[in-house]
Every structure is written in structure tokens, then in C-alpha cells.
2 protein chains.
Amino acid sequence: MKFDIIHKDSGTKARAGVIQTDHGTIQTPIFMPVGTAGTVKAVHQRELRDDIKAQIILGNTYHLYLRPGLDILEKAGGLHRFNGWDRPILTDSGGYQVYSLAKTGRKISEEGVKFKSHIDGSTHFFTPECVMDIQRRIGADIIMAFDECTPYPCDFSYARTSMDMTHRWLKRCCDRFDNTQSIYGYQQTLFPIVQGSVYKDLRIQSAEFIASMEREGNAIGGLSVGEPAEDMYEMTELVCGILPANKPRYLMGVGTPENILESIALGIDMFDCVMPTRNARHGILYTTEGVINIKNEKWKDDFSPIDERLGGYVSTSYTKGYLRHLIKSEEILGAQIASVHNLSFYLWLVGQAREQIIAGTFPLWKAEVLRKLTCRL
Amino acid sequence: MKFDIIHKDSGTKARAGVIQTDHGTIQTPIFMPVGTAGTVKAVHQRELRDDIKAQIILGNTYHLYLRPGLDILEKAGGLHRFNGWDRPILTDSGGYQVYSLAKTGRKISEEGVKFKSHIDGSTHFFTPECVMDIQRRIGADIIMAFDECTPYPCDFSYARTSMDMTHRWLKRCCDRFDNTQSIYGYQQTLFPIVQGSVYKDLRIQSAEFIASMEREGNAIGGLSVGEPAEDMYEMTELVCGILPANKPRYLMGVGTPENILESIALGIDMFDCVMPTRNARHGILYTTEGVINIKNEKWKDDFSPIDERLGGYVSTSYTKGYLRHLIKSEEILGAQIASVHNLSFYLWLVGQAREQIIAGTFPLWKAEVLRKLTCRL
């Protein structure tokens with residue numbers, strides 16, 4: 001993997017870059033749609049590529065490991081071949097899902113995590129080593145270290161103990177990763193994850209440790225888990241100041257359009273979040289004019305396009321009134337339209353941010369666009 | 001509306017024709033995807049047009065009347081403007097849904113049918129007159145008469161009484177239809193419906209009555225409701241022999257690929273059925289090689305395209321193994337892929353039938369294709 005910064009904003013820490021992978025390039029800052037079970041929910045691969053203009057998508061290790069399972073994925077030739085998405089894929093480590101989905105009977109120890117499948121209740125055991133092997137077999141371009149994502153709030157003592165274990169696990173991840181290789185012939189790379197909850201000294205300690213591992217890119221985890229936005233920004237700024245500037249920085253699970261723009265300004269290059277797709281299915285739309293709850297009565301006879309300025313088939317061909325009818329009627333097409341629209345908006349947002357960074361107009365544009373985007377229409 | 005028969009098969013009663021409407025032409029024989037609530041479930045309008053190659057779709061009067069409601073549809077400028085489908089639309093009369101969905105508290109009288117909404121339990125009253133007005137306001141190109149669709153089995157006495165009322169209702173439909181006009185500036189036409197259950201003498205009587213009304217097209221109702229296929233074909237053949245040959249014949253709610261080919265051979269020009277979309281959502285796929293239950297274990301590592309011979313993005317880009325994973329995981333994309341595929345297959349089937357009729361090779365082709373299509377793979 002290769003990362004080149006092509007422009008740095010002078011007013012903020014924002015940067016525009018290019019990541020090169022064996023499945024093609026990624027223009028940063030970038031938002032990565034979440035494709036939990038090998039599909040970005042309600043979105044065709046063709047729509048991801050041509051309408052949304054996604055450059056990289058996520059897969060969830062926990063879900064893919066349980067279903068369809070590694071044998072099938074490997075037999076298909078990896079996740080890219082399995083789902084027909086031939087651009088870059090990043091997989092998470094499964095840690096987050098193990099903690100949040102498999103609450104019953106999960107048990108964390110130094111060795112790893114024992115958990116029960118939310119599908120059939122069967123027992124499984126994830127270790128740093130096996131999670132590396134799993135992601136190798138899934139075939140992700142970017143593989144995430146196995147960490148513990150602490151909840152919010154989290155007391156200092158737990159946060160420190162957890163962070164220390166995450167660091168020990170990281171060494172095991174790196175060892176395993178460096179002693180194995182891609183089984184599909186293209187390069188894979190491992191990103192470690194900074195933890196430390198909302199405690200400055202832990203975040204500093206973790207960022208320094210992660211930086212010392214000298215991987216090709218670095219991630220910040222454990223944020224956007226319920227803490228105040230100011231804490232998220234403070235931790236992000238602190239950590240970005242320590243992580244190497246010449247490598248991509250990925251802020252995991254973030255966030256709202258506002259969170260994304262603020263974090264770009266702090267030096268973040270990569271984002272992922274279920275918000276655009278999950279909210280879409282519940283009728284919350286992000287538009288260039290502000291946020292819309294399409295279930296509101298006021299949209300029932302509004303026959304203007306969802307978002308003319310955004311462009312694209314879905315946002316300009318379907319009207320607000322029609323989409324409201326579909327969402328209220330719980331029609332699948334409602335989820336489809338809203339999902340393509342919201343993801344198009346997120347990709348538009350980071351694409352615009354990139355252009356403004358290159359043009360040297362990012363801070364001004366950001367202030368202006370935030371005023372609009374945080375409106376509730 | 002104008003109907004021209006461009007070729008008649010010499011070995012069967014099949015014919016190839018063209019229906020002209022103010023929203024464009026329809027090449028017959030044709031299959032009409034069902035868009036119950038103003039959407040063909042899980043299918044984008046662009047996919048209907050470009051991938052499936054649908055020429056006309058159905059809307060359900062009962063559903064559209066309840067939600068979004070006529071005020072909104074009229075304010076949008078009719079259903080075409082509301083849902084963005086600018087080709088022909090046919091609406092049913094709502095009768096079938098009133099009988100099957102609003103079972104609780106529905107009451108049929110000479111005047112009409114009182115029923116309760118399955119959405120909120122509110123009481124409504126449909127008469128032949130108001131159903132004409134409703135379909136005028138929905139803005140369908142082809143409007144169906146308000147009839148009673150008798151269930152199967154149905155005793156002779158009930159079938160005769162019901163048929164007689166359907167005939168009296170038809171006169172009221174025609175009166176109302178002929179004394180009102182389109183509110184959107186394009187022509188609308190009314191199709192009456194032959195009833196009579198599986199009783200030959202009733203079907204003859206009904207077909208003669210319907211023919212005598214001299215409308216621009218005619219429909220056959222009350223079949224494909226559970227009766228043996230032989231009864232369906234026998235009634236269809238009988239009725240086709242009486243309905244005028246120079247007008248389109250529409251066999252309502254039919255059916256399997258086999259039903260469709262057999263009925264084309266009997267002189268039917270138009271079909272609709274929820275089968276391709278409903279079965280799609282449950283993982284039953286129609287392919288050029290036969291019928292597939294994609295949930296079966298055998299497809300889990302079959303990475304061949306869903307149906308290479310059918311062509312089209314969905315059928316050739318996604319694999320059986322991937323689709324199986326999506327359907328088993330209850331992912332929305334599974335319903336999307338299977339729905340576009342099955343409808344593409346149905347439109348391919350009637351399109352092929354048309355070409356074979358024109359080429360004079362229909363009977364031979366039909367025998368050959370039926371051998372394949374009825375295979376369970």
C-alpha cells in the first residue's frame with residue numbers, strides 16, 4: 001500500500017491524499033460504506049460504483065466468519081470475488097461486534113474472546129492470531145488489528161487495563177500477520193488501533209505505542225461510542241498529533257456529516273459509519289439543504305426531487321412525497337432509495353472536502369456547509 | 001387505445017400484437033409486473049425499464065386508495081407522475097383485495113362492498129361508480145371493471161348469482177366511465193371482466209355478455225385461484241373463443257411460466273402475477289434452465305452466474321452462491337437481485353414467445369422450452 005499526500009490545508013490539519021492498493025486507488029479523505037454481511041444493505045454493487053461513487057467498502061469479520069463462513073469465501077476466491085466488488089475492501093477485526101452483538105456468554109481473557117453466535121448460539125473463540133488468519137482468508141485489502149473497544153463511560157482503571165491488553169494483542173497480531181501471507185495474490189496491510197477511552201494520558205500512551213509499530217496506516221478506535229462530540233474531537237486532535245503524518249489515519253465508526261468535517265480538519269483521512277444506511281431505512285435523509293425526517297407529514301405532497309443539487313439518478317428522479325409514501329408503507333424500495341441517496345451524500349461530502357482542501361478553500365467552505373447541514377428541514 | 005395483431009400463429013391460437021396507449025406502445029403477448037402500492041417491490045423504476053424491460057406495470061386500486069390516498073395522487077398529477085413510471089399503467093378494481101385482505105367486516109350488497117382497511121381498520125365503501133372515479137383519479141391507462149372474483153371451490157348457485165351481479169355492476173361501471181373523463185389529459189380505457197368460476201355454461205354466458213359491451217379490451221377473472229390447471233386452460237380456451245379476436249385479452253393473476261405459455265397458445269395477450277416477485281423474496285428463481293430454490297445447500301458454493309443465458313446485469317453479475325448467502329441472511333439485496341432476475345425472466349419469456357409467433361416457430365419452441373422450465377434444478 002502506498003499513501004501520498006497531495007495537498008495540505010494551511011488553515012487546518014486537513015489533507016488530501018491518494019492511497020494505492022492492488023484493487024485500485026482511494027482518494028482521501030474518504031468515507032467507506034459499511035457492507036456488514038458482504039452487502040451494503042439495499043444497494044446494488046453497480047449503484048455503489050456508478051451512483052454513490054464509493055471507492056472502498058467495509059466488511060464485518062464477525063458476520064462474514066459466521067455466514068457465509070470462511071470455507072465458502074475462500075472457495076469463491078475471497079470476498080471481492082464472492083460479492084462482485086472489485087475495488088478495495090477493509091475488514092474490521094470482529095472485536096466490536098463480539099462485544100456488542102454476542103453479549104450473552106462472551107468472555108474476554110488474555111488469550112482472546114469466547115463468544116456465542118447471535119445466529120445459532122454456537123460457541124466460538126477469537127484470538128489476535130485467528131482474527132489475522134480470518135481476515136487473510138476473507139481477503140480484505142486493509143485488515144484491522146484485534147482490539148477491545150471500550151464502551152462509554154468507562155472508568156480509568158478499566159480503560160488502562162484494556163488498552164494494555166489491546167497493545168499486547170497488537171504485537172501478537174503483527175507477529176501473525178508478518179509471518180503469513182495473502183492467499184489470493186494481492187497485497188494486504190494491517191492497521192493497528194489506538195484506544196484509551198476519553199483519557200488524554202492513555203490516548204497519548206496508546207498513540208505513541210501504535211506509532212512505534214510503524215505499520216502502513218493507523219486507526220483510532222473507541223470513539224463515537226456515546227461520548228460528547230467535544231471529547232471525540234479532543235482525543236482525535238491529540239492522537240493525530242502523535243500518529244505519523246505521512247500515513248493514513250482512520251477514525252473508526254464516525255459519524256455525522258458534522259463529525260466527519262470536523263475530523264477531516266483535525267487530520268483524519270478515512271471514515272466509516274452505519275449511520276447513512278441505518279438512518280436511511282428509518283427515513284432520515286442527509287441533503288445539501290439539511291437533515292430531513294421524511295416521515296413528517298409536511299413531505300406528503302412535496303413533489304420536488306429528494307436533492308436536486310446532489311445530482312444522481314436516485315436523488316433527482318424520485319420525489320420527497322413518493323419516498324415518504326414508500327417509507328411509511330415499509331416498501332423495500334424506500335430503503336433502497338434512501339440508502340443510495342444518503343451514501344451518495346456522504347461520498348459527495350468527502351469528495352467536496354477534498355476539492356476544497358486542494359483549492360485552499362476548505363475552512364471557509366466547511367463553515368458554510370456546516371451551517372446548512374446541521375439544519376433540520 | 002389501439003390494438004393491432006401483427007401475426008397469428010397457425011398451429012395454435014397465439015397472436016403477436018401491438019397496443020398503443022398515450023403512454024407508449026405495448027408489444028403483446030406481455031407480462032405486467034405488479035406494483036401494488038405504486039412500487040414493484042424491491043425494484044427501481046430504472047431497473048424496470050432498462051434491465052427488466054417492462055412495458056406496462058400494474059397498480060392496486062385498494063392499496064393506492066388507502067395509501068397514499070387519492071388527494072396526494074391527484075396533487076402529484078396521477079400515479080405516473082407520483083412514482084416516476086412514464087409508461088402505461090393498468091389498475092385493478094380493488095375487488096380482489098377487498099375480498100382477500102379486508103376479510104373482517106366486509107359486506108357485499110347490490111350497491112357495493114363495505115370493508116375495513118387492513119392498515120387502520122377504518123370503514124370504506126366501494127361501488128362500481130366510485131371505483132371508476134378512483135381509477136380515473138389514480139390515472140391508469142387501463143382501468144378494470146369492479147367485479148366479484150369468486151373463490152375456488154365455489155358452488156354453482158353462488159357462482160351464478162355472483163356473475164349476474166358482476167354483470168349488473170359492469171353496466172354501472174360503463175355508465176360511470178362513459179360519463180366521466182380523464183383528468184390528466186391522456187386517454188383511459190375500461191376493460192370488463194369475464195367471471196363464472198369453473199362452470200362452462202356460466203363462462204359462456206359471461207363471455208357473451210362481456211363481448212356485447214364492446215369495450216376496447218377484455219379480461220378473464222376468477223382463474224388461478226386454486227383450481228386445477230386443466231380447468232384454467234379449459235375455461236380460458238372457451239372464453240377466448242367468444243371474446244372478440246381483434247381486441248386484447250387479459251388473463252388476470254396468471255401465473256407460472258408454464259401457465260403463461262399455455263395461455264398464450266389459447267389466445268391470451270396480457271398477464272400479471274405476483275409470483276415472480278413474491279417467490280423471488282422467498283428464494284425461488286425462474287431460469288432458462290429450470291426452477292431453482294436458492295436456499296438449498298447445493299447452491300452454497302456454486303459461483304456461476306444466476307442465469308448467464310438470460311443476460312442482463314443482475315442475472316450475469318451475481319452468482320448463485322452469493323444470492324443464496326443474501327437470501328439466507330435475509331439481506332434486502334437478496335430480494336432486490338431475485339426480483340429483478342425473476343421479472344427479467346418473465347419479460348424474456350413473453351418476448352421470446354412473441355418472436356417465435358412472428359417467426360412461425362411458436363409450437364415447437366413452446367414444447368422445447370416447457371421441458372426445461374418445469375425442471376426443478
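The model is predicted, so to speak from the start: local features need pLDDT of at least 70, side-chain atom pairs count only at pLDDT 80 or more, and totals for chains, interfaces and linings use all residues. Residues are numbered from 1 along each chain as its sequence is written, chains are lettered from A and ligands numbered from 1 in the order in which they are written, and side-chain values use heavy atoms, with hydrogens and water left out.

**Pockets**

- The largest pocket has a volume of about 1,200 Å³. A pocket here is an open set of points on a 1 Å grid over the protein atoms alone, with protein on both sides within 12 Å along at least five of seven lines. Its volume is the space filled by probe spheres set on the points, which are joined across faces, edges and corners.
- Lining the largest pocket are 48 residues, with N60(A), Y96(A), Q97(A), S100(A) and V274(A) nearest its centre; a lining residue has an atom within 4 Å of a point.
- Helix 5 (95-100) and helix 11 (275-281) of chain A are the elements giving two or more residues to that lining, and helix 5 of chain A has the largest share, five residues. Helices are DSSP runs (H or I, at least four residues), numbered from the N terminus.
- Sorted by class, the lining of the largest pocket has 19 nonpolar, 17 polar and twelve charged residues. Nonpolar covers Ala, Val, Leu, Ile, Met, Phe, Trp, Tyr, Cys and Pro, charged covers Asp, Glu, Lys and Arg, and the others, Gly among them, are polar.
- The second largest pocket comes in at about 880 Å³. It is lined by 36 residues, and N60(B), Y96(B), Q97(B), V274(B) and R278(B) are the closest to its centre.
- For the second largest pocket, helix 5 (95-100) and helix 11 (275-281) of chain B each supply at least two lining residues, with helix 5 of chain B giving the most, four residues.
- The lining of the second largest pocket splits into 13 nonpolar, 15 polar and eight charged residues.

**Cavity**

- There's one cavity of 30 Å³ or more in the structure, where a cavity is a set of grid points at which a 1.4 Å probe fits but cannot get out.
- The largest cavity holds about 30 Å³ of space, and its lining is A145(B), F146(B), T166(B), H167(B), L170(B), I193(B) and I210(B).
- Helix 7 (residues 156-178) of chain B brings the largest share of that lining, three residues. By class, the cavity lining has five nonpolar, two polar and no charged residues.

**Helix packing in chain A**

- Helix 10 (residues 257-265) and helix 14 (residues 332-359) of chain A have axes that come within 11 Å and cross at roughly 25°. Axes are lines fitted to C-alpha atoms over the stretch in contact, and angles run from 0 to 180 degrees between N-to-C directions.
- That angle makes helix 10 of chain A roughly parallel to helix 14 of chain A (angles under 35 degrees count as roughly parallel).
- P257(A), I260(A), L261(A) and I264(A) of helix 10 touch F345(A), Y346(A), L349(A), V350(A), A353(A) and I357(A) of helix 14, contact meaning heavy atoms within 4.5 Å. This contact has ten nonpolar, no polar and no charged residues.
- Helix 7 (residues 156-178) and helix 8 (residues 200-212) of chain A pack at about 5°, with their axes 11 Å apart. Helix 7 of chain A is therefore roughly parallel to helix 8 of chain A.
- The contact of helix 7 with helix 8 in chain A divides into seven nonpolar, three polar and four charged residues.

Notes. Parallel < 35°, antiparallel > 145°, perpendicular 65-115°, else oblique.
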